Amino acid sequence: MKTLQRFVAAALLAASAGAFAHGNETHAPKAGAPAVKEQKPWGIAGDADDARRTITLDMADSMRFTPESLRIQRGETVRLRVANKGQIMHEIVLGTQASLDEHAQMMLKFPTMEHGEPYMAHVPPGQSGELVWKFNRAGSFDFACLIPGHYQAGMRGTITVTP
Ligand SMILES: [Cu+2]
């Protein structure tokens, strides 16, 4: 009986480890190959080594980002450091106005929805988070905090990527 229990425990452990493992030889990309990055209309996940500039954004319980607008040169990889100066959770999500509107609607319906993408960072009060993003498309984009009520209260800003 003990042996069976141990076997089950070991099998469960192996199964859960497998779900998160990155070293699976049959599925791993070639050594040195970058992880797959998904091109979005507002850019693509960046490599920290390519970031020549760090922009610091403050988030406050007044539902405001400071600064509220960013200017970036097309092709730039930027490290965005977001400091939560408030007493409640905030987040930053990059996107287009349409993608953020849609995402904000989802957040209202499913407030506890867990999500993690390279173009977002969730920051507990008093802490800082960061993301590295390559702005390889010119245009006007947005960033926002999509925690229910925050976006609706105006917690958003603009990103202008110049050609
Ligand atoms: Cu917020």
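Tutor: Buried means under 20% relative accessible area, exposed over 50%, and partly exposed in between, using a 1.4 Å probe and protein chains only. This is a predicted model, so local features need pLDDT of at least 70 and side-chain atom pairs count only at 80 or more, while totals for chains, interfaces and linings use all residues. Numbering runs from 1 along each chain as its sequence is written, and side-chain values use heavy atoms, with hydrogens and water left out.

Student: How are the rings of Trp-42 and Tyr-119 paired?

Tutor: Rings of Phe, Tyr and Trp (its six-membered ring) pair if their centres lie within 6.5 Å; planes under 30 degrees apart are stacked, over 60 edge-to-face, the rest tilted. That rule gives 3 aromatic pairs. Here the centres are 5.2 Å apart and the planes at 80 degrees, so the pair is edge-to-face.

Student: Trp-42: buried or exposed?

Tutor: Check its relative accessibility against the cut-off. The value is 6%, so Trp-42 counts as buried.

Student: Which residue forms an aromatic pair with Phe-65?

Tutor: Look for a partner at 4.9 Å centre to centre, with 80 degrees between the planes. That edge-to-face partner of Phe-65 is Phe-143.

Student: Which ring does the charged end of Arg-156 sit over?

Tutor: The test wants NZ of Lys or CZ of Arg within 6 Å of the ring centre and within 35 degrees of the ring normal. The charged end of Arg-156 is 4.2 Å from the centre of the ring of Tyr-151.
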